[in-house]
Amino acid sequence: MTEGTHSSFFAVLGGELHTTPLGPAILPGITRAFLLEEARKTGLAVRERRVAAAELTTASELFLCGTLSEIVPIVKLGGAPVGAAAPGPLTVRL
């Protein structure tokens, strides 16, 4: 998973924030950069790596971020709930 239309994808796995690193397939968005900086400032472990589709079912939280949308929680994936099927604590905090 890399990014959505005009947005970047994030997953919370094992209490750490994961997102695909910048490269040809990832745009260096302002909101993405701000979110990563804020996460690091608060001491949250950030891992910039490609998240495999198989890992999505084990994520406690998933969300997209973008300039227009800010942060959009993903509460269902393929009809199955993500975490508690509500915005997770990390998503709300960020």
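Two residues are in contact here when they have heavy atoms within 4.5 Å of each other. Keep that in mind while clicking around this predicted model.

**Start with Ala59**

Select Ala59, in the loop between strand S4 (46-48) and S5. Leaving aside neighbours within four places in sequence, Ala59 is in contact with Ala11, Val12, Leu13, Val82 and Gly83. Draw a distance from the C-alpha atom of Ala59 to that of Val82: these two are 23 residues apart along the chain, and the separation is 7.0 Å. Is Ala59 buried or exposed? Its relative accessibility is 7%, and the cut-off for buried is under 20%, so Ala59 counts as buried.

**Zoom out to the whole chain**

Trace them along the sequence and the pattern reads β-β-β-α-β-β-β-β-β-α. The C-alpha atoms fill a box of roughly 30 × 30 × 25 Å along the principal axes. For 94 residues, a compact globule would have a radius of gyration near 12 Å, and the chain agrees because its value is 12 Å.

Among contacts with a separation of 6 or more, 57% are between residues 24 or more positions apart.

**Into the core**

Next, select Phe10, Val12, Leu17, Leu35, Leu36, Ala39, Leu44, Val46, Phe63, Cys65 and Leu90, and show their side chains: these 11 residues are the largest nonpolar core. Strand S2 (7-13), helix H1 (30-41) and strand S5 (61-66) each give two or more residues to this core. H1 supplies the largest share, three residues. Apart from this core lies another one, of eight residues, including Leu13, Val51, Leu56 and Leu62. Nonpolar side chains do tend to be buried together in soluble globular proteins.

Stay with Phe63 for a moment. What does Phe63 touch, leaving aside its neighbours within four places in sequence? Its contacts are Ser8, Phe9, Phe10, Leu17, Leu35, Ile71, Val72, Pro73, Ile74, Thr91 and Leu94.

Go to Glu70, in strand S6 (residues 70-74). Phi of Glu70 is near 60 degrees, a positive value in a residue other than glycine. Glu70 is exposed, with a relative accessible area of 55%.

Then jump to Ala85, in the loop between strand S8 (80-81) and helix H2 (89-93). Phi is near 60 degrees for Ala85 too, again positive in a residue other than glycine. At a relative accessible area of 36%, Ala85 is partly exposed.

**Out to Gly79**

Select Gly79, in the loop between strand S7 (76-77) and S8. Is Gly79 buried or exposed? Exposed means over 50% relative accessible area, and Gly79 has 61%, so Gly79 qualifies.

**Last stop: the surface**

Of the 94 residues, 33% count as buried. Finally, colour by charge: the chain has 8 positive and 8 negative charges, and their mean positions are 3 Å apart.

Terms used. Residues are numbered from 1 along each chain as its sequence is written. This is a predicted model: local features need pLDDT of at least 70, side-chain atom pairs count only at pLDDT 80 or more; totals for chains, interfaces and linings use all residues. Side-chain values use heavy atoms; hydrogens and water are left out. A nonpolar core is a set of buried Ala, Val, Leu, Ile, Met, Phe, Trp, Tyr and Cys residues joined through side-chain atoms within 4.5 Å. Buried means under 20% relative accessible area, exposed over 50%, partly exposed in between (1.4 Å probe, protein chains only). Helices (H or I, at least four residues) and strands (E, at least two) are DSSP runs, numbered from the N terminus. The radius of gyration is taken over C-alpha atoms; the globule rule is 2.2 Å times the number of residues to the power 0.38. Lys and Arg count as positive and Asp and Glu as negative; His and the chain ends are not counted. The place of a charge is taken as NZ of Lys, CZ of Arg, CG of Asp or CD of Glu.
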